[in-house]
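Hello,

Here is the structure I promised to hand over. Please open it first, then read the notes below.

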Amino acid sequence: MDKSDVAIESKELSKDFGSTQAVKSVSFTVNKGEVFGFFGPNGAGKTTTIRLLCGLTKPSRGSAIVCGHNIMRDPTGVRRHLTITPEESIFYEKMKVGTYLEFFAGMAGHTSKSKRAKIEGVINVCEVPDLMNKRIAVLSHGQRQKISLARTFLSDAPIMFLDEPFQGIDIVHRKLLREYLRDYVKKGNTVFFTSHNLIEAEHIVDRFAFIDRGTLLKIGTARELRDQYLLPRFSIRVSDPVKAQRILSDGLQLDECIVKGDEVVVTLRNGEDVSKIGALLSTAGVAVLEMRLLGTMEEVFLKIQQKTGAVA
């Protein structure tokens, strides 16, 4: 890939805290125009990696280039090209929300003319126009998270770091935020996204990176990782599930075939048999009403842990 298409390049990035290796020789690239997901359990090294990439913590070894700036030699230049929602935001409790956002719009470089339009845009995306005259001290956890995201969205920086951004955000509003982030990366910008909720992440992340105990385990798209670590599993809604179960069990090499209501759940031993499912059922006179691929990224992560020996 052309270097001009790379937003972040980490090379053997490491961070020690005394005798504890929080991040161990982590190397990866993040492309412009993608949502890059960084996942792992508590204490895996996610937040420390973000702090390293943002030039907020000095690495013990290795380095990284972020938007063309070296995190060791030019951490200030790095920070000029990013915006961030940390896992735990620090607020000016006595400020009103409107004043708070105006202050950060100015910090983001907006002029008096552009500031008002930018603020109006982000408060609508984050659904907080009714909070503008409230003091931050009285806000709930979910409201504070929305304000933290609004502050992050005020910046026109080409890289956005989001550390657990949807904590306390309701399901309907998450959908609106995902749409905003997709529009953001369509413009060639980049999102570096961490979360404990892999099911939620599947709706937005382009590539997944899994880290555990400071070690980067695997990187890939959801399809690549599912194909590598999970047997193909499908839920098939059919006109006659009992007959479908018999036909598929006789005609394919299956690891599992069970009936659940009007659906048959099938796990194939051979991925090449996927194309045979419809033909077998059609020939037997069984109508396929819907066919869904199963297998979550949570399952993928557990398989990766097992295969890499990351599980104690």
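Arg213 counts as partly exposed, at 46% relative accessibility. The reason is the cut-offs: buried means under 20%, exposed means over 50%, and partly exposed is in between. Keep in mind that this is a predicted model.

Arg213 sits in the loop between strand S9 (207-212) and strand S10 (215-220). Its phi is positive, about 55 degrees, although Arg213 is not a glycine. Most residues other than glycine have a negative phi.

Cys67 is a second case. It has a positive phi of about 50 degrees and is not a glycine either. Look for Cys67 in the loop between S4 and S5. Is Cys67 buried, exposed or partly exposed? Its relative accessible area is 22%, so Cys67 counts as partly exposed.

**The chain as a whole**

The chain has 312 residues, and 47% of them are buried. Its secondary structure comes to 11 helices and 14 strands. The C-alpha atoms fill a box of roughly 70 × 45 × 35 Å along the principal axes. The accessible surface is about 15400 Å², and 50% of that belongs to carbon and sulfur atoms. Take the contacts between residues at least 6 apart in sequence: 68% of them join residues at least 24 apart.

Strand S4 covers residues 61-66 and is joined to S5 by 2 bridges. Val66 stands opposite His69 in S5. Strands of a sheet pair through backbone hydrogen bonds, either parallel or antiparallel.

**The cores**

The largest nonpolar core holds 47 residues. Which of its residues touch the most other members? They are Leu101, Ile147, Phe153, Val191, Phe193, Phe208 and Phe210. There is also a second, separate core of 25 residues. It includes Val23, Val26, Val30 and Ala44.

Set aside its neighbours within four places in sequence, and its contacts include Val35, Phe36, Gly37, Phe38 and Phe39. Leu162, Pro165 and Phe166 are also among them.

**A nonpolar patch outside**

Some nonpolar side chains are on the surface. Tyr92, Phe103 and Met107 form a patch there, with about 340 Å² of accessible area together. Tyr92 lies in the loop between strand S6 (82-85) and helix H3 (97-107). Its relative accessible area is 44%, so Tyr92 counts as partly exposed.

**Salt bridges**

A search of the whole structure finds 15 salt bridges. Side chains of opposite charge can pair when their charged atoms come close.

- Glu179 and Lys175: their side chains meet at 2.7 Å, N to O. Both lie in helix H6, 4 residues apart, about one turn of the helix. Glu179 is partly exposed at 39% relative accessible area, and Lys175 is partly exposed at 47%.
- Arg233 and Glu299: the closest N and O atoms are 3.0 Å apart. This pair links distant parts of the chain, 66 residues apart. Arg233 is in strand S11 (residues 233-238) and Glu299 in helix H11 (residues 297-308). Arg233 is partly exposed at 22%, and Glu299 is partly exposed at 29%.
- Arg292 and Glu263: the closest N and O atoms are 3.4 Å apart. Arg292 lies in strand S14 (residues 288-293) and Glu263 in strand S13 (residues 263-268), so the pair ties together parts that are 29 residues apart in sequence. Arg292 is partly exposed at 34%, whereas Glu263 counts as buried at 18%.

Salt bridges that share partners join Arg237, Glu263, Glu290 and Arg292 into one network.

One more detail concerns Lys175. Helix H6 covers residues 171-186. How far is Lys175 from Glu127 in sequence and in space? They are 48 residues apart in sequence and 12 Å apart in space, C-alpha to C-alpha.

Best wishes

Key. Residues numbered from 1 in each chain as written. Predicted model: local features only at pLDDT ≥ 70, side-chain atom pairs only at ≥ 80, totals over all residues. Heavy atoms only, no water. Patch = residues over 30% accessible without salt bridge, like charges linked within 9 Å, V, L, I, M, F, W, Y side chains within 5 Å. Areas by Shrake-Rupley, 256 points an atom, 1.4 Å probe, with all protein chains shown as cover. Salt bridge = Lys/Arg side-chain N within 4 Å of Asp/Glu carboxyl O. Buried < 20%, exposed > 50% of the residue type's maximum accessible area, 1.4 Å probe, protein only. Core = buried A, V, L, I, M, F, W, Y, C linked by side-chain atoms within 4.5 Å. Contact = heavy atoms within 4.5 Å. Pairing = 2+ DSSP bridges.
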